[in-house]
Amino acid sequence: MAAAAFPDVSAIKFEGPISKNPLAFKHYNAAEKVDGKTMRDHLRFGVAYWHTMRGTGGDPFGPGTALRPWDDGTNSVANAIKRAHVAFEFIEKLGAPFYCFHDRDVAPEGATLQESNKNLNAVVRVLKEEQKRTGIKLLWGTANLFSNPRFVHGAGTSCNADVFAFAAAQVKKAMEVTMELGGQGYVFWGGREGYSTLLNTDMKRELDHLAKLLHMAVDYKKEIGFKGQFYIEPKPKEPTKHQYDSDAAACLNFLRQYDLLSHFKLNIETNHATLAGHTVQHDLETAAAAGALGSIDANVGDPMLGWDTDQFPTDIYLTTQIMLVVLKMGGFTTGGLNFDAKVRRESFEPVDLFHAHIGGMDAFARGLKIATAIRKDGRLAGFVKHRYASWDSGIGAKVEAGKAGFKELEDYILKKGDAAPCVSGRQEYLENLINEFI
Ligand code: XUL
Ligand code: CO
C-alpha cells in the first residue's frame, strides 16, 4: 500500500452545526433520514475526477499552482495509476458515494487509438479494484472530445469525416469502460459541437451528423446491454462562440427533432445555465417538465464574471431552489449531484480539496432540509395550486381536457362579458416565505 496522499486528514465525520472543526460536516450526515430517505440517497454526491485529480490551477495568464505531491507531472500510465489510488483515498475520506470521469482524465492519451485504449484498460483495472475495495460507484463516464487538437472543428460536428470516425471510436470505448465499471450513466457534453463563425459552417449538416453519432451510441448501448442512462449536458458557449446544446430547451428540441428524446435525459449544470442567461431553476424546470431531468453538475459561477468559473456551491438559497425542483420530481434515480467544480488557483494546497467539497456537501444538506421543510409547510405549493384554480373546473377544465374550441370560448366570454380580474402574483410575499425557512 502506497503512503497516504492526505496523511493529516482522516475520514470526514458529521459533528453537527456547533462544531468548529473545518474538516467536519456541520450539516451533511450521510445516514440521517430526511423525509424517509437518507441524505446519502437523496443527494448522491459525485466527485469530478477532472477538476479534483487533474486540475492544476492554470489559467490563460499563468501556469498551474496546485501542489499535488503524489503527482510526478509525467503523462505515464504509472502516474495515472498512482493518481487513481489517491482519488479513491480522497473520495473515501470525504465519504462521497460516487465519482465521474472523462476517459482522458484517468489515463493518458497515446499516439494511436490502440495505445490510448491500452492505457485506459490499465487504469480501469485499478479503478475497478478501488471501487470494489471502497464501495464507491461511478455516477457517469464520458469521452473527452474537445482537448485533442484533432477536435479543433468539433467531434460529432466536425467538417472532417475522419474526425467524426475517431470520435465515434472513442465514445464506443468510453461506453465500454463505463459499463465495465458499473456506471449509472454516460454524459455527452458538446464542448466543441458548435461554431466560431457561421461563415464557414453548414449548421444543418453538422446537426444531422451529431444526431447520427448519438443514434450510433443508442444502437451500441443496446448491442452491449449497457443499462446506464444517457445524458446531454447543455452549455451555450465556451470554448466555442455558440454550442448547439445551448440550454435545456435547445437540447430537448434537438432530441425531439432527431427522434432521440426517449433515450436521453439532461445533466444540468448551474454555471452553464447562467451562461445561457437563465437561472439554474429555469433549466431544471424546463428539463423536469419534459420528464428529462436526469442529473446535476453542481457548481456556481461568479456573478461578476462572464465565464464558467466552476466554483463550489455554498449559497444556501441556490441549493434550496435546486432541491425544491429535485424533490418535486421525486428525487434522483440514476443521477446525482456531481461537483463539477474546482478550487481557486489561490487555494493550492491538497487540503483545500476537502474544504471545497465539505462546503458544497453541507450547503446541499441544508438545501435539502430547507426544501423539505418548505414542502411540508405546504404554503408555497398551495399558493401555486390556488393560482391556477380556475383550470380545475368549469371552462378551464374543459380546455385542459381538449373539450373546448374557439367557438365555445367565444360563447363563454360573450355570455360572461369580461374575464374575471386576476389575483396578485405575491412575489415579495413568496420571497419572504422562502426566507422564513433559510
Ligand atoms: C465543461 C463541463 C464538462 C462536462 C463533462 O464545462 O461541464 O466537464 O461536465 O464533459
Ligand atoms: Co459539467
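**Entry: a partly exposed tyrosine**

I began with Tyr-388, which counts as partly exposed because its relative accessible area is 42% (buried is under 20%, exposed over 50%, partly exposed in between, with a 1.4 Å probe and protein chains only). I note at once that the model is predicted, so that local features need pLDDT of at least 70 and side-chain atom pairs count only at 80 or more, while totals for chains, interfaces and linings use all residues. Residues are numbered from 1 along each chain as its sequence is written, chains are lettered from A and ligands numbered from 1 in the order in which they are written, and side-chain values use heavy atoms, with hydrogens and water left out.

I placed Tyr-388 in the loop between α13 (379–387) and α14 (394–400); helices (H or I, at least four residues) and strands (E, at least two) are DSSP runs numbered from the N terminus. Together with Val-384, Trp-391 and Val-399, Tyr-388 makes a nonpolar surface patch of about 340 Å². Such patches take residues with over 30% relative accessible area and no salt bridge, joining nonpolar side chains (Val, Leu, Ile, Met, Phe, Trp, Tyr) within 5 Å and like charges within 9 Å; the areas are Shrake-Rupley values with a 1.4 Å probe, and for residues only the protein chains shown count as cover.

**Entry: aromatic rings**

I searched the whole structure for aromatic pairs and found 23 (ring centres of Phe, Tyr or Trp, the last by its six-membered ring, within 6.5 Å; planes under 30 degrees apart are stacked, over 60 edge-to-face, the rest tilted). I looked up Phe-45 and Phe-364, whose ring centres are 6.4 Å apart and whose planes stand at 70 degrees, so this pair is edge-to-face. Phe-45 belongs to strand β5 (residues 45–48) and Phe-364 to helix α12 (residues 351–377), so the pair ties together parts that are 319 residues apart in sequence. Phe-45 counts as buried because its relative accessibility is 0%, and Phe-364 is buried too, with a relative accessible area of 1%. I also recorded that both rings belong to one aromatic cluster, formed by Phe-25, Tyr-28, Phe-45, Phe-312, Phe-339 and Phe-364.

**Entry: charges over rings**

I then checked for charges over rings, which requires NZ of Lys or CZ of Arg within 6 Å of the ring centre and within 35 degrees of the ring normal. Arg-150 lies over the face of Phe-166, at 3.6 Å from the ring centre, and the charged end of Lys-221 sits over the ring of Phe-230, 5.2 Å from its centre.

**Entry: salt bridges**

I found that the structure holds 18 salt bridges (a side-chain nitrogen of Lys or Arg within 4 Å of a carboxyl oxygen of Asp or Glu). One of them joins Glu-89 and Lys-93, at 2.9 Å from N to O, and I noted that both residues lie in helix α3 (residues 77–94), four residues apart, about one turn of the helix. Glu-89 counts as buried at 13% relative accessibility, and Lys-93 is buried with a relative accessible area of 17%. Leaving aside neighbours within four places in sequence, Lys-93 is in contact (heavy atoms within 4.5 Å) with Ala-4, Phe-6, Val-9, Ser-10, Ala-11, Ile-12 and Phe-354.

I next looked up Arg-104 and Asp-103, whose side chains meet in a salt bridge of 3.6 Å, N to O, and which are both buried. Arg-379 and Asp-377 form another salt bridge, at 3.0 Å from N to O; Arg-379 counts as partly exposed at 33% relative accessibility, and Asp-377 is partly exposed as well, with a relative accessible area of 31%.

I returned to helix α12 for Ala-363, which counts as buried at 3% relative accessibility. Apart from neighbours within four places in sequence, Ala-363 is in contact with Pro-313, Thr-314, Ile-316 and Thr-319, whereas its C-alpha atom is separated by 29 Å from that of Pro-69, 294 residues away along the chain.

Lastly I looked up Tyr-99 in strand β6 (residues 98–102), which counts as buried at 0% relative accessibility. From C-alpha to C-alpha, Tyr-99 and Asp-208 are 32 Å apart in space, and they are 109 residues apart in sequence.
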